[in-house]
Each structure stands twice: as C-alpha cells, then as structure tokens.
Amino acid sequence: MTATVASIEESAKSAILADRKATWEASHAGRVKRSGAAPPAPLLAWDFERDAGDASGKYPGQLFGTAVVTQGRLVVDGNGYAGAAPITFDLREKTLEAWVQLSDLEQRGGGVISLQSMTGDVFDAIVFGEQEPGHWMAGSNGLARSKSFGGEIEGDANKRPVHLAITYRMDGTITAYRNGVQYGEPYRGPEPPIYKAHQSQLVFGLRHSPQGGDRTLRGAIHRARVYDRALSTEEVAASFESAWFQIDPSDIAAVLNGMGIDKAHIVGLSMGGVATLHFGVRHAAQALSLTRSEEHTSELPSHLNLVCRLLLEKKK
C-alpha cells in the first residue's frame, strides 16, 4: 500500500513540475538559462496567506474598499487596496518584486506594489499601462523617475500570474524584469529619494495614495517582496525560479483529493518544505502533521514565523 501511494504521489508531482518546466522553457527559449542559484533573502515579504500583514508579523496590514485576502492572494477589483504599517527604517536603494495576475489587459495605471510617503506625495511603484497601454513601468510621483523600458506588450498576465521586479540603484539606474528576464532596457534618472522610517509605507493594488482615478489595480497579487538593495540579474532570476519550480499547496490538496484521502501526514523535502508549511495554513483540516526536511531556502524563517503565528491564532 505504501509503495502504491508513493508511486501515485511521485507521478502526480512529476507531471505538475514537468508541465511548469515545459511552459517556462518555452517562454524563455534562447533568452536565459536557469540560474540554479539560491534565491535572495528579502527584507520584507508578503504571502497573503491569512491577511494583508507581512510574513514576519511585524508590519500589520489593512484592507481598504473591496480588497480581500483569499486562497493565498490579495484580490483587488479596482475599488480597493491594501496598506501596511509604516516601515521602521530608512530605505533608498531597493528592489520591488511581486507575482500578479491581472483581471484584464485593458486597464491603465494601476499599481501592483508601491513604496510611498504616508501621504502618497512621493512614491516608486510597479505600474501597469499608465503611459503605454499594455506595458509595465516604474511609476513615480510626477513621473520624476519614470521612462519607457521599451519592453514587450503584456499578453499573458490575464491568464496566469507573472513575476515582476524593478531595481533602483543609488546612481538612478532603474531596471525591470518580467518572469526572471530583463524587461526592455534599463535607464538612468534622478537618484532615488530616501523613504524615511515611520513616514513611509508599502501599499498593494494602488499606484499611490489617496485612492481614486486610475490608480487602483484589477487582479490578484500572490506574493510581494522588498529588498534593501538592487538585486543582480542572477538574483532576480533565482527568485523567479524559486517560486516557479516548487510545488504549490493547491497541488498537494489536488493529489490528496484525487486519491480520496481526507487527511494525511505531510512531509516536504528540500524546496517542498515551503509548500508543506503553506499547506498547513491553507488546508489545515487535511493535515494531520507537517514535517520538513533539508530545507535551505533563504525565506524559511519568515515562513516558519507565519505558520506558527497562524496556528496559534487558530487555537485561540
């Protein structure tokens, strides 16, 4: 019986990963090789497993308007967004990163993730379609640090999540990436502003405060990351790959449901450890226990913190 279950599980896992690998390689043929590097450790991380707060629990989040957190996503429909508590450190050179799926490709000007002053007068954001229909851009106050990357028009983000990252170097160089590959060409503008501690915050689904006009996004934000430096091309690729090639918690649930198993002891090996922890959050009723082994991902401490915090909340 054990051998049969193991065979079915391995077959399902192999099929899932093979499909993802084939899709990734087809979309990146001739453009980039897998980095094989460990993903960088973010300064701040949001996984939207339970609420709009960050994974460490240090920065509580608040939902505004019609925004909701469900199934590990922040869902916004153009009439809401999420905001985090003010950051407690100064931030200048940085990388903003997110995994997002758009509701439609006709929308103009919505922000995915934005670092802003509390009033929204100064901001840097990943924005869709504000200046050029169907294109990603680095949004900023008064377009002070915004130019066209000259990247390809977006054609898939309404069908599946895409990975986006924008790096901001101290010399004013801004570089964008889509699915681990450089998007268009970098450009050099004014030096980035200093986002002061207790006077700045991260918002999601909004270009900048206050809400209104074309500033809000329509779609689902799956994950978001902030780094206190400009990531290298190799680091961005590694971060993208780390999410693309791991098993999603919904895949584990699908295997169990397909086998008619109501509850099981879930064991994750290596990168499967992250999926195991997230499975415990999203599908707690199906997990008799959670075990991870030989997990080396740089994000593991934040994942453990998140799981422990949510499990404690469930016991209250």
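# A walk through the sheet and its salt bridges

Of the chain's 316 residues, 50% count as buried. Keep in mind as you click around that this is a predicted model. Colour by secondary structure to begin with: the chain has 5 helices and 17 strands. If you draw the contacts between residues at least 6 apart in sequence, 67% of them join residues at least 24 apart.

**Stop 1: the open sheet**

Select β2, β5, β14, β7, β8 and β9. These 6 strands form an open sheet, in the order β2-β5-β14-β7-β8-β9, with antiparallel pairing. Which strands stand at the edges? They are β2 and β9; each has a single partner strand, so one side of each is left without a neighbour in the sheet. Turn the view to look along the sheet and follow the twist, which averages 20° from one strand to the next.

Now go to the β2 end. β2 pairs with β5 in the antiparallel sense, over 5 bridges. To put residues on that pairing, show F64 and its bridge partner in β5, Y81.

**Stop 2: strand β8**

Move along to β8, residues 123–128. How many of its residues are buried? The count is 6 of 6, so this strand is mostly covered. Show the side chains and look at the two directions they take. F123, A125 and V127 point one way, D124, I126 and F128 point the other way, and all are buried.

Next, bring in the partners of β8. On one side, β7 (residues 110–117) runs antiparallel to β8 and is joined to it by 6 bridges. Pick Q116 and you'll find it opposite F123 in β8. Then follow the hairpin of β7 and β8, which has 5 residues between the strands; stop at G120, which takes a positive phi near 85°.

The other partner is β9, residues 136–140, which pairs with β8 in the antiparallel sense over 5 bridges. Here F128 stands opposite W136 in β9. Keep W136 on screen for the next stop.

**Stop 3: around R178**

Select R178, in strand β11 (residues 173–178). Leaving out residues up to four places away in sequence, R178 touches W136, E154, D156, V162, H163, L164 and Y183. So what does the R178 side chain make with the side chain of E154? A polar contact, at 2.7 Å.

**Stop 4: salt bridges across the chain**

The count for the model comes to 13 salt bridges.

Begin with R223 and D47. Their salt bridge has its closest N and O atoms 3.5 Å apart. R223 lies in strand β15 (residues 218–227) and D47 in the loop between β1 (44–46) and β2 (61–65), 176 residues apart. Is this pair's arginine, R223, buried or exposed? At 13% relative accessibility it counts as buried, because the cut-off is under 20%. D47, at 5%, counts as buried too.

Then select K196 and D90, whose side chains meet in a salt bridge at 3.3 Å, N to O. K196 is in the loop between β13 (187–188) and β14 (200–204), while D90 is in the loop between β5 (80–84) and β6 (94–102), and the two are 106 residues apart. K196 counts as partly exposed at 39% relative accessibility, and D90 as partly exposed at 42%.

Finish with E191 and R92, where the side chains meet in a salt bridge at 3.1 Å, N to O. E191 sits in the loop between β13 and β14, and R92 in the loop between β5 and β6, 99 residues apart. With a relative accessible area of 52%, E191 is exposed, whereas R92 counts as partly exposed at 26%.

Note on methods:
Residues numbered from 1 in each chain as written. Predicted model: local features only at pLDDT ≥ 70, side-chain atom pairs only at ≥ 80, totals over all residues. Heavy atoms only, no water. Helix = DSSP H or I, 4+ residues; strand = E, 2+ residues; numbered from the N terminus. Polar contact = N/O pair within 3.5 Å; in protein donor to acceptor, adjacent residues only side chain to side chain. Contact = heavy atoms within 4.5 Å. Salt bridge = Lys/Arg side-chain N within 4 Å of Asp/Glu carboxyl O. Buried < 20%, exposed > 50% of the residue type's maximum accessible area, 1.4 Å probe, protein only. Pairing = 2+ DSSP bridges. Axes fitted to C-alpha atoms, helices over the stretch in contact; angles between N-to-C directions.
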